[in-house]
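Please look over the sequence and the model before reading on.

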Amino acid sequence: MILFGHLGLGDALTSPVRGELPRRWILLGTVLPDLADKPLYYALTFATGLSGAQLPFIRGTRSFGHAWLIAATLWAAAGSKGWPRLRALALGMATHPLLDFVSDFVLLGLGGAGERGATLWPLSCWRFTIAELTWFTDH
């Protein structure tokens, strides 16, 4: 998790479209995928003693929170209810997988970046991609 990268770049990406949406909720949204997915994976790893490909479904630190489907669902729900905080959260969340993809592309090239994203779940595949990490310090 590159905390300040997600906060700063996510804020910059949303600034042209954020309008009156509360900025602090956008900033929370930029890091929320990692705040949700990493503890989920490590809790499963700790509870089962398994990691990565040994786990049946959530096999890495990028799962539900990193999927644009979740951000789009929150955006739609916020629009129907008129909740600007939830809409701001969804907008921030939408920047997170994009920035992860770009950083993976820089580090791994197009093949590695495309294989590792949960961005298009469940359209791209049913299971999440594998990350052979056994503890948070592996990051």
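## A backbone-to-side-chain approach

In this predicted model, a polar atom of the Asp 37 side chain lies 3.0 Å from the backbone nitrogen of Gly 65. Asp 37 belongs to helix H2, while Gly 65 is placed in the loop between helix H2 (23-48) and helix H3 (68-81).

Gly 65 has a relative accessible area of 9%. Because a residue under 20% counts as buried, Gly 65 is classed as buried.

With residues up to four places away in sequence left out, Gly 65 touches Pro 33, Asp 37 and Met 93.

Asp 37 is buried and forms no salt bridge. The nearest side chain of opposite charge is that of Lys 38, at 7.4 Å.

Apart from neighbours within four places in sequence, Asp 37 is in contact with Thr 61, Arg 62, Ser 63, Phe 64, Gly 65 and His 66.

## Helix H1

Helix H1 comprises 12 residues, 3-14. At 1.5 Å a residue, this helix should span 16 Å, and its end C-alpha atoms are 16 Å apart, so expectation and model agree.

The buried residues of H1 are His 6, Gly 10, Asp 11 and Thr 14. Viewed down the axis of H1, these buried residues fall within an arc of 115°, and therefore line one face of the helix.

Conventions: Residues are numbered from 1 along each chain as its sequence is written. This is a predicted model: local features need pLDDT of at least 70, side-chain atom pairs count only at pLDDT 80 or more; totals for chains, interfaces and linings use all residues. Side-chain values use heavy atoms; hydrogens and water are left out. Helices (H or I, at least four residues) and strands (E, at least two) are DSSP runs, numbered from the N terminus. Buried means under 20% relative accessible area, exposed over 50%, partly exposed in between (1.4 Å probe, protein chains only). Contact means heavy atoms within 4.5 Å. Lys and Arg count as positive and Asp and Glu as negative; His and the chain ends are not counted. A salt bridge is a side-chain nitrogen of Lys or Arg within 4 Å of a carboxyl oxygen of Asp or Glu. A polar contact is a pair of N or O atoms within 3.5 Å; within protein, one must be able to donate a hydrogen and the other to accept it, and residues adjacent in sequence count only if both atoms are side-chain atoms. The expected span of a helix is 1.5 Å times one less than its number of residues. The arc is that of the directions from the helix axis to the C-beta atoms.
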